[in-house]
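The following briefing concerns one protein chain and its fold. Please consult the sequence and the model alongside the text.

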Amino acid sequence: MKFEKSPYFKTLKPYKLELNFGNYYFCEKFIVSELFEGVHFDWDMVQELIQEIHKFYGEGVKLGYIANRINAYSVDPQNWLKIEKKYNILVAAAIVVYNNASYINASLEKLFTQKSIKRCLSLKEAIEWIESLEEFN
């Protein structure tokens, strides 16, 4: 389910950022990403996104990240390590998967970070998990 069509979109009232490679929804404690079909999410894209995050939230922010994988795309799993090392803005991440291939990719990505990454089967599960994290309460 697209984030904009979920009940959370109306209640959370996020800022929508449209980039060439996907849409991002900036909420108070977390970001929801929806990358476009066929994208390879590389380091240059990460850096473009981080610049926008810093513009919106400011430097030193700590956020949750929800990857709503409604489309098929690829991610360089090294991005997780690089983000952690260079920016250290993520508290944890949730990856919403809609098929077995996406679940397997998310499982592989978990191996590339010290941060907690939860594989979820719905936006509801992902949002509730992120909002329940100790760092946000």
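Ser 102 lies in helix H4, where helices (H or I, at least four residues) and strands (E, at least two) are DSSP runs numbered from the N terminus. At 10% relative accessibility, Ser 102 counts as buried; buried means under 20% relative accessible area, exposed over 50% and partly exposed in between, with a 1.4 Å probe and protein chains only. Ser 102 touches Arg 69 and Val 97, not counting residues up to four places away in sequence; contact means heavy atoms within 4.5 Å.

The model is predicted: local features need pLDDT of at least 70, side-chain atom pairs count only at pLDDT 80 or more, and totals for chains, interfaces and linings use all residues. Residues are numbered from 1 along each chain as its sequence is written, and side-chain values use heavy atoms, with hydrogens and water left out.

**Overall architecture**

- The protein chain contains five helices and eight strands, which follow one another from the N terminus as α-β-β-β-β-α-β-β-α-β-α-β-α.
- The radius of gyration of the protein chain is 14 Å, which agrees with the value near 14 Å for a compact globule of 137 residues; this radius is taken over C-alpha atoms, and the globule rule is 2.2 Å times the number of residues to the power 0.38.
- The C-alpha trace spans about 30 × 30 × 30 Å along its principal axes.
- Of the 137 residues in the protein chain, 47% are buried.
- Among contacts with a separation of 6 or more, 69% involve residues 24 or more positions apart.

**The sheet**

- Six strands form an open sheet in the order S1-S2-S3-S5-S7-S8, with mixed pairing; two strands pair if DSSP finds at least two bridges between them.
- Strand S1 (15-19) and S8 stand at the edges with a single partner strand each, so one side of each has no neighbour in the sheet.
- From one strand to the next, the twist averages 20°.
- Helix H4 (residues 100-110) lies across S7 and S8 and runs at about 170° to S8; axes are lines fitted to C-alpha atoms, for helices over the stretch in contact, and angles run from 0 to 180 degrees between N-to-C directions.

**Strand S2 and its neighbours**

- S1 and S2 form a hairpin with two residues between them, and their antiparallel pairing extends over five bridges.
- Across this pair, Tyr 15 stands opposite Phe 26, and the bridge partner of Lys 16 is Tyr 25.
- A hairpin of three residues joins S2 to S3; strand S2 (residues 22-26) and S3 are likewise antiparallel, over five bridges.
- On the S3 side, Gly 22 stands opposite Leu 35, while Tyr 25 has Val 32 as its bridge partner.
- Five of the five residues of S2 are buried, so S2 is largely enclosed by the rest of the structure.
- Both faces of S2 are covered, with Gly 22, Tyr 24 and Phe 26 buried on one side and Asn 23 and Tyr 25 on the other.

**Nonpolar cores**

- In the largest nonpolar core, which has 30 residues, Phe 21, Tyr 24, Phe 41, Leu 49, Ile 53 and Tyr 65 touch the most other members; such a core is a set of buried Ala, Val, Leu, Ile, Met, Phe, Trp, Tyr and Cys residues joined through side-chain atoms within 4.5 Å.
- At least two residues of this core come from each of S1, S2, S3, helix H2 (43-57), S5, helix H3 (78-86) and S7.
- H2 supplies the largest share of this core, six residues.
- Tyr 24 touches, among others, Tyr 15, Leu 17, Ile 31, Phe 41, Leu 49 and Tyr 65, with residues up to four places away in sequence not counted.
- A second, separate core of 19 residues includes Tyr 8, Ile 66, Ile 127 and Ile 130.

**Helix H5**

- In helix H5 (residues 123-132), the buried residues are Leu 123, Ala 126, Ile 127, Trp 129 and Ile 130.
- Seen down the axis of H5, these buried residues fall within an arc of 165°, so they line one face of the helix; the arc is that of the directions from the helix axis to the C-beta atoms.
- An α-helix has 3.6 residues a turn, so residues three or four places apart point the same way.
- The cover over the buried residues of H5 includes helix H1 (7-12) and strands S3 (30-35), S5 (63-68), S7 (90-96) and S8 (116-120).
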